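Good morning, and thank you for making time for this presentation. Please keep the sequence and the structure in view while I speak.

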Amino acid sequence: MTATTAEPGLAPRSAGMRPAFRWLLPFVGYLLLFAAWAFATPYDGTPDEMRHIIHAYGVASGDIAPAPAKEGKVGGAYHDVPRSLLSTNCFAFHADRSASCAKPPGGDDAKTRVLTPAGRYNPAYYLAVGWPMVLSPTMAGVLVARLISAALVAGLLAAATAVALSMGRRGLLAGLLVAVTPMTAHLAGAINPNGVEIAAGAALVMALIAILFEPGVSDRVRSAWWLAAVSGAVLLLVRPAGPAWFAVIALVMFVPHPADRYRELLRSRRTWLLAGFLALVGVFAAGWTVWKRANELTPNRPPARHLSLFDGMKVEFFDQWRRHVGEMVGVLGWLDTPLPVVVHIAWWFSLGALVMLALAVGRPVDRWRVVGLGALGMLVPSMIEANNANEYGFIAQGRYYLPMLVGVPVLAAYAITRGGYDPTPRLARIFVIILLPAHVGTLYYLMVRYQAGLPAQVPTPSLNPFAGSWHPALGSALPILLAVASMVLFIGYYWRVTAGGAGVSAPDGGRPDVSGDRA
């Protein structure tokens with residue numbers, strides 16, 4: 001196949017492969033990785049999974065809008081579900097225990113009425129993943145539901161990859177590599193809308209880069225508009241805080257631009273169709289949250305004394321954030337399985353490299369966006385939590401911040417590609433070598449934890465993922481094989497699309513300067 005001519009510093013539009021493969025190959029790679037996590041994790045082995053399973057079963061059974069209810073201080077809604085889907089989860093918060101103490105789902109189809117804190121959530125995600133468990137309320141049904149959720153996450157990330165290549169901005173793949181942390185993969189292989197929400201945040205940032213910052217590209221890359229519609233709708237719908245996260249991303253991406261760029265967008269029919277669609281979805285999402293009071297939380301150790309907003313923010317800044325930054329990379333299971341420090345170093349080193357380069361060589365407006373999304377992505381959820389701390393306590397986790405913060409490495413990579421000398425293709429290759437083996441290693445580590453207990457907390461530690469008192473439903477070898485296959489596929493894929501190494505890019509890739517940034 002003959003490559004097309006590229007602008008200086010940019011990859012050819014073909015990126016060395018047929019357009020269909022720009023999406024298909026990364027989709028397969030992500031799906032293999034997330035399927036490995038889905039198969040390796042015991043029932044209810046990820047945060048709140050059983051709560052979401054109960055809601056998914058109820059919604060898929062036809063109980064789409066259950067009435068809000070409370071049981072003591074726990075709010076949510078009731079569903080009638082088979083007893084087989086209820087688990088005592090004896091290993092949660094006890095990293096010295098293997099998952100063998102818990103009984104897998106299945107064997108008792110008698111229905112029981114149970115309250116789930118996820119019962120007020122918007123039904124869109126749960127309709128997609130719930131039907132396999134209605135057909136088979138066993139571990140088999142759970143695994144199929146996990147694979148559906150994994151496919152949704154993989155589809156969004158693969159579409160973001162394809163849009164980056166369609167723009168000719170292959171360096172943006174370095175940002176996507178950093179965005180997908182082990183925590184994201186852990187959630188992607190579970191029944192939990194948080195994983196889809198995180199992928200939607202990264203995909204929305206990528207789509208808006210193409211639409212807002214690359215006018216010459218956005219006219220011909222229609223997939224960017226479709227991705228903005230799908231990822232924006234997902235972000236708005238799947239969790240009650242989604243509209244707030246969407247607003248933060250939109251603010252950072254839409255401001256500032258020169259007046260002529262705004263006028264150009266306002267004249268576009270696609271802009272009005274996209275804005276109208278997302279407005280309707282946003283109204284529906286907000287209406288559901290208000291109707292079902294889905295934003296009401298379950299109290300968790302409120303502070304001993306009344307805290308002002310300022311006092312609450314001090315707790316966030318000096319105490320909570322140091323936990324959250326670790327949880328964004330990975331404190332797995334029920335926050336009982338911290339990853340080895342080398343994994344955290346790998347991710348924060350990679351993110352730091354992108355951000356520092358972006359601040360050093362990026363244009364002023366690009367630097368503002370990187371800093372702005374990072375700051376607002378931390379401050380807005382923290383202010384919401386601090387404002388509600390007297391009622392609910394400090395209950396946020398690092399994963400709640402990721403739907404916004406996954407856009408930071410993507411924006412940083414974009415800032416570098418427009419800053420002159422562009423090392424991001426080579427960075428992408430470095431990150432592949434560092435981060436993909438780290439994904440395999442973290443999966444291996446989690447398998448050891450669930451099969452024999454966390455090595456640091458058991459009398460006779462083991463690092464053998466094929467031994468222990470518990471084994472995944474489909475065996476211990478399959479998750480490792482899938483993760484290794486994903487790593488091999490991605491190494492080959494990234495090596496192909498980043499061929500040519502670094503280059504010198506013309507200002508804005510040789511296109512007219514419409515970005516609103518002035519040196």
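Let me begin with a convention on accessibility: a residue is called buried under 20% relative accessible area, exposed over 50%, and partly exposed in between. The structure before you is a predicted model, and every value I quote is computed from it.

How many disulfides does a search of the whole structure find? The search returns 1 disulfide. It is formed by Cys90 and Cys101, whose sulfur atoms lie 2.0 Å apart. The pair links distant parts of the chain, with both Cys90 and Cys101 in the loop between strand S2 (74–82) and strand S3 (111–116), 11 residues apart. As a reminder, a disulfide is a covalent bond between the sulfur atoms of two cysteines. Is this one right-handed or left-handed? The torsion about the S-S bond of Cys90 and Cys101 is about 110°, so the disulfide is right-handed.

The convention I opened with now applies to the two cysteines. Cys101 has a relative accessibility of 40%, which lies between the two cut-offs, and therefore Cys101 counts as partly exposed. Cys90, at 18% relative accessibility, counts as buried.

Strand S2 also takes part in a hairpin. Strand S1 (residues 68–71) pairs with S2 in the antiparallel sense, over 4 bridges. Within that pairing, Lys70 has Gly75 of S2 as its bridge partner. The hairpin of S1 and S2 has 2 residues between the strands, and Gly72 there takes a positive phi near 70°.

Next, the aromatic residues. A pair of aromatic rings is described by the distance of the centres and the angle of the planes. The count for this model comes to 13 aromatic pairs. One of them is the pair of Tyr30 and Phe34, which is stacked, at 5.8 Å centre to centre and with 20° between the planes. Where do Tyr30 and Phe34 lie? Both belong to helix H1 (residues 19–40), and they are 4 residues apart, about one turn of the helix. Tyr30 and Phe34 are both buried. Ring pairs also join these two residues with Phe490, Tyr493 and Tyr494 in a cluster.

A contact of another kind involves Trp291. Lys292 lies over the face of Trp291, at 4.0 Å from the ring centre.

A search of the whole structure finds 2 cavities of 30 Å³ or more. The largest cavity holds about 70 Å³ of space. Which residues line the largest cavity? Its lining consists of Tyr30, Leu33, Leu176, Leu177, Val180, Leu436, His439, Phe490 and Tyr494. Two or more lining residues come from each of H1, helix H5 (172–179), helix H18 (424–452) and helix H19 (477–497).

I come now to the backbone. The peptide bond from Val255 to Pro256 is cis, with omega near -5°. Pro256 sits in the loop between helix H10 (242–254) and helix H11 (259–266).

Two residues have a positive phi although neither is a glycine. Asp44 has a phi of about 60° and lies in the loop between H1 and helix H2 (49–60). Leu335 has a phi of about 55° and lies in the loop between strand S4 (331–332) and strand S5 (337–338). Are these two buried or partly exposed? Asp44, at 4% relative accessibility, counts as buried, whereas Leu335 is partly exposed, with a relative accessible area of 34%.

Finally, two further buried positions. Gly195 is found in helix H7 (residues 193–213) and is buried, with a relative accessible area of 0%. The C-alpha atoms of Gly195 and Ser98 are separated by 25 Å, and these residues are 97 apart along the chain. Arg418 is placed in the loop between helix H17 (407–417) and strand S6 (421–422). At 3% relative accessibility, Arg418 counts as buried. The C-alpha atoms of Arg418 and Arg220, 198 residues apart along the chain, are separated by 20 Å.

That concludes the presentation, and I thank you for your attention.

Note on methods: Residues numbered from 1 in each chain as written. Predicted model: local features only at pLDDT ≥ 70, side-chain atom pairs only at ≥ 80, totals over all residues. Heavy atoms only, no water. Disulfide = S-S within 2.5 Å. Buried < 20%, exposed > 50% of the residue type's maximum accessible area, 1.4 Å probe, protein only. Phe/Tyr/Trp six-rings, centres within 6.5 Å; stacked < 30°, edge-to-face > 60°. Lys NZ or Arg CZ within 6 Å of the ring centre and 35° of its normal. Pairing = 2+ DSSP bridges. 1 Å grid on protein atoms, 1.4 Å probe; cavity = no way out; pocket = protein on both sides within 12 Å on 5 of 7 lines; lining within 4 Å. Points joined across faces, edges and corners; volume = space filled by probe spheres on them.
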